[in-house]
Amino acid sequence: ISHPASRRISHPASRRIRQLSLDVSAPPRRGGKRKGAGRKPQHGKAGVAHRARPALASRYPVHVTLKVVQDLPNLRNMTCYRAIERVLFEACAGDGFRVVHFSVQGTHIHLLCEAQGARALSRGMQGLSIRLARALNKALGRVGRVFADRYHGRILRTPREVRGCLQYILNNT
């Protein structure tokens with residue numbers, strides 16, 4: 001006797017199993033290298049890339065550029081220039097790092113530095129950047145960030161490159 005409310009029970013072997021497909025054409029949503037990934041630059045333009053810097057031998061000088069933020073006044077005014085000059089003369093000779101020549105521009109500073117190696121250059125530039133930032137902030141009566149980006153360094157491997165850099169730094173008025 002069959003009751004109208006009873007259901008028919010099917011045997012598991014009689015069910016059809018359908019395999020699901022994996023759609024490989026859809027782009028991944030997270031993880032991995034992809035176009036447009038990563039933190040975007042704060043002010044619209046990317047600066048110095050966060051890649052490993054090249055190895056540095058002590059016989060090569062380095063041309064370093066430090067770019068300041070836009071809201072700072074011209075670095076060539078007397079207040080800023082004197083603060084920068086004082087810091088550079090104090091820090092011109094440190095442990096394994098020294099500033100040989102410098103040129104102050106309106107929005108950036110050029111330095112010709114010598115270092116015993118990449119680590120000495122890195123440490124010297126960190127200390128110098130901190131000293132410069134503190135001196136400029138104190139001279140201008142402000143607080144906050146002074147340098148727009150990491151320092152840009154170019155190793156000068158030939159006498160011709162060193163001569164060209166010296167001409168650029170000393171004659172850039």
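Here is a walk through the chain, from its overall layout to its core, its helix pair and one surface lysine.

This is a predicted model, in which local features need pLDDT of at least 70 and side-chain atom pairs count only at pLDDT 80 or more, while totals for chains, interfaces and linings use all residues. Residues are numbered from 1 along each chain as its sequence is written, and side-chain values use heavy atoms, with hydrogens and water left out.

Let's begin with the layout. The chain has three helices and four strands; helices (H or I, at least four residues) and strands (E, at least two) are DSSP runs, numbered from the N terminus. Read from that end, the elements run β-α-β-β-α-β-α. Of the 173 residues in the chain, 29% are buried, where buried means under 20% relative accessible area, exposed over 50% and partly exposed in between (1.4 Å probe, protein chains only). Contact means heavy atoms within 4.5 Å, and among the contacts with a separation of 6 or more, 73% are between residues 24 or more positions apart.

Now to the interior. A nonpolar core is a set of buried Ala, Val, Leu, Ile, Met, Phe, Trp, Tyr and Cys residues joined through side-chain atoms within 4.5 Å. The largest one has 33 residues, of which Leu75, Leu111, Met125 and Leu128 touch the most other members. Two or more residues come from each of strand 1 (62-67), helix 1 (78-90), strand 2 (97-104), strand 3 (108-115) and helix 2. Helix 2 gives the most to this core, with eight residues. Leaving aside neighbours within four places in sequence, leucine 128 is in contact with Val87, Leu88, Ala91, Phe97, Val99 and Leu111.

The helix pair comes next. The axes of helix 1 and helix 2 come within 9 Å and cross at roughly 150°; axes are lines fitted to C-alpha atoms, for helices over the stretch in contact, and angles run from 0 to 180 degrees between N-to-C directions. The two helices are therefore roughly antiparallel to each other, a label for angles over 145 degrees. Thr79, Cys80, Ala83, Ile84, Val87, Leu88 and Glu90 in helix 1 meet Leu128, Arg131, Leu132, Ala135, Leu136, Ala139 and Leu140 in helix 2. The residues of this contact divide into eleven nonpolar, one polar and two charged, counting Ala, Val, Leu, Ile, Met, Phe, Trp, Tyr, Cys and Pro as nonpolar, Asp, Glu, Lys and Arg as charged, and the others, Gly among them, as polar.

Finally, look at lysine 138, which lies in helix 2 (residues 118-140). Lysine 138 counts as exposed because its relative accessibility is 75%. From lysine 138 to alanine 83 is 55 residues in sequence and 8.8 Å in space, C-alpha to C-alpha.

Note on methods. Angles under 35 degrees count as roughly parallel, over 145 as roughly antiparallel, 65 to 115 as roughly perpendicular and the rest as oblique.
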